[in-house]
Amino acid sequence: MSLRRKRIDFNVAFDEFKRDLVKMFDFTGTSSVSGMGMYQLVYDICNSVPKPFSERLYCAIADFLCEYATGVRQAILSQEEVVPVYAMYWKKYYIATSYLNAICEYLNGLIVKQRKGPGISEKRPFVGQSNYPRQDVQALANQIWREHVVMEIKHRKQNRLMYQVFETIRQDREGQQVNASVVQDTIFSLVSLNSKTDQPLELYIDEFETPYINQTKAYYKAESKIKLSNCTISQYIKSAIDRLAQEGARNSRYCHPTSHARVIQECETQYIAEHQKNIQSEFEKMIANEKADDCTMAYSLLTRIENGLVPLLITFEKHITTVGRDIILGLGASISKDPREYVEKLIELHAKYLLMCAKVFTNDAAFVAAVDKAFRTIVNDTATNVAARSPEVMARYTDTMLRKKQKTGLSESEIEDRLTRVIILFKYIDDKDLFQKFYSRFLAKRLIFDASLSAEAEANMISRLKSACGVEYTSKLQRMFTDMTISSDLNAGFKDWLQSNDLSNGLDFSILVLTAGSWPVNSTQPLEFQCPDELEKSITNFTDFYDKRHNGRKLTWFWHWCRADVRVNYLDKRYELSLSLYQFAVLAVFNAGDSYTVTEIREQTKLVELELIRVVKSLVEANLLTLPEPSATITLSTVLKLNMSFSNKRTKLKISGGLQADTPQETTATLKAVDEDRRLCIQASIVRIMKSRRALSHMQLVQEVIDQCKTRFSPSVPMIKKCIEQLLDKQYIERAENSLDRYVYVT
Amino acid sequence: MKVKVKRWHTVAIWQWDMEDSTDLCGICHGPFDSCCPDCRIPGDNCPLLWGKCTHCFHLHCINKWIETNDSEGTCPMDRQIFEAAT
């Protein structure tokens, strides 16, 4: 390459340049074209002495390109199908112009630099006498193609090119075989043509994207309407999904990435949003008939549009609630007898819908939340079936599972599994305090009567409740276990004490000492009872022992929970009976004779009439005592005889006393106790809130109390009002001056 | 003896030896049957204390109160100097 400046005859030099240009653009004889030679020529023309011809060269190239483009346009328009010809010529033009641009690198530098020079762009914004702005040759070539090919066809030939492009895409949609690559090249030429301008996508958007989206809209508007009237919803959804998938593929075939979302959105609007009501209303049937595939499709379709899923969520929740209520209704009064069906059917239902969320709704959090909402309604619904008081029923269920010698025939691991799953339902209970009260009562009875399946199972259940509700929820339950441990130490200590004091009397005595505040015992005043003499000694001994061990404590004996294992000597076999202490006391009366009236027994045992008759009845039913006439009503004057001919296959018998059964009075007492606890809890919460906030309006206070209590129970507004009044009376808070519905904290 | 006891199992409940142990402690408002708010289990580790003024509290509760400056060593119920009954 020579940098020396030469004298040049422009016409001669450009003729030489143009010869090579023609070869380049025609793609003929390109082997004889020397890029280096052309590059030198450009340099020489631009540096000729005395006057450089750079601007003249630029304009001459422009003239050449105009001429060439006009020829191409005519060649394109001479064909019936213009798209393939356009694509073919464009490809060539694109390659040739990029070479040309490289060859004219030196020229570009001069032209563009002048544009950047100070003040020049205002004074001489165009090159030479032409109206071409100062831009490189590639940009110039693009401009010329745009004006002489694209715009000419658009304005003079009814936009034949783009018309055929859209027509081809339509045929593609109809499923016909089309030559996609030429369409693609044509569309992408619109992007390349503007790539050197300030608005690189303007031409593409104006000429292709905007009309394309309009056509897409019209196409799918029509198609979706026809489909909807000809097909079932299920088929409709299927074709919508197919269409959207196809459009996705078509997008990547024909469109610039910036258009993808816009095109798909238009399809979604036409196919889904416009007809969402039809799909949504069909969803109820799909769910009810458990058409999982249809549900999945409806979900995947409606999840694409804004708020499209809301009606599905409502339907889903409503459906679950209805199914749950039907179950509760169908169980009727049987729930109070056996809690198993209620709990297990609901757990099953819950598992079913959670599985559905996972399989059908891709574990969408909104659908899982709908299941939660539905179950909260089901579990706390007492209007449908009065027997379905879930806190009590579920506590009862855990009791059936945690008792030993149950009739369920379940293995320990099966029981553990059920107890784990009952927590799922437990979490939905609003009145968790009620569950706790019932649970603690059942637990107390299991512990007192030694009826627990295993210490391990009990501990596991407590830790489940703890992780669901926190330490405080189970702390009172845990205290019962502490008493059990303390009592077993106490028994061992008492035995040693008896021996060291030489007081052993051959009677095997054991005791459970309960801490009053830790056990759900309704009355601390047990029924009147005269302990049989032979046992009296043990009681006094233990009381002595206990007083020495602990200071300032008082023991109250719960006779109705005491038991005695006895040997019977008056029958042919030596039976061993396990009795309640009351039953034993009644039988012990007969040690002195064979027949007594109920009144006589009462004088000795001091049992109240109602309790005594119950005990006597249980002994008659066990065939240990006989009535003068079978099935006579037992009154105070009834004469009872010891049954000397009692016989049983087994020698070890447990005589049921009906004590472990839950009486309605106990249930009522439990409910009352819960009410009392709630009152205390609400009062404590009011004091806490007022202490920190100093002054609050009635509404604010009520709301804050509800928020504080709702993890345990949902407090009723009248109850909160009552508690506020009680605290006003006790002067913890007072009404604010000048305002009736405002309270202030009294320090 | 026609019926002879071999083994027996009893249940008793313990409370603090006072008139009504379901009463509330005047300081923490928890029942005497239960322990003070800082303890977990009622028992000898959380005993009660009677003052000469006949008022009774959880030992821990009255100690905490006496230690505060405001108390000036008085019983919170009657504002007399608090002395433990012996």
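How many bridges join strand S3 of chain A to strand S1 of chain B? Here is a short tour of where the two chains meet, in what is a predicted model.

1. Let us start with that pairing. Strand S3 (residues 563-568) of chain A and strand S1 (residues 3-16) of chain B run antiparallel, joined by six bridges. Along this pairing, Arg563(A) faces His9(B), and Asp565(A) has Arg7(B) as its bridge partner.

2. S1(B) also pairs with strand S1 (residues 508-515) of chain A, this time in parallel and through eight bridges. Here Asp508(A) stands opposite Arg7(B).

3. Strand S2 (residues 553-557) of chain A is another partner of S1(B), antiparallel over five bridges. In this pairing Arg553(A) lies opposite Trp16(B). The side chain of Arg553(A) also forms a salt bridge with that of Asp44(B), at 2.7 Å from N to O.

4. Is S1(B) largely enclosed or largely open? It is largely enclosed by the rest of the structure, because 10 of its 14 residues are buried.

5. Now for the interface as a whole. Chain B brings 27 residues into contact with 54 residues of chain A. Together the chains bury about 4,000 Å², with 54% of that area on carbon and sulfur atoms. Lys2(B), Trp8(B) and Ile13(B) provide 24% of what chain B buries against chain A, more than any other three residues.

6. Polar and charged links are part of the picture too. Five salt bridges are counted between chain B and chain A, and 31 residue pairs are in polar contact across the interface. The side of chain B that touches chain A has 13 nonpolar, six polar and eight charged residues.

Conventions. Residues numbered from 1 in each chain as written. Chains lettered and ligands numbered in written order. Predicted model: local features only at pLDDT ≥ 70, side-chain atom pairs only at ≥ 80, totals over all residues. Heavy atoms only, no water. Contact = heavy atoms within 4.5 Å. Buried area = accessible area lost by both parts, 1.4 Å probe. Salt bridge = Lys/Arg side-chain N within 4 Å of Asp/Glu carboxyl O. Polar contact = N/O pair within 3.5 Å; in protein donor to acceptor, adjacent residues only side chain to side chain. Nonpolar A, V, L, I, M, F, W, Y, C, P; charged D, E, K, R; others polar. Pairing = 2+ DSSP bridges. Helix = DSSP H or I, 4+ residues; strand = E, 2+ residues; numbered from the N terminus. Buried < 20%, exposed > 50% of the residue type's maximum accessible area, 1.4 Å probe, protein only.
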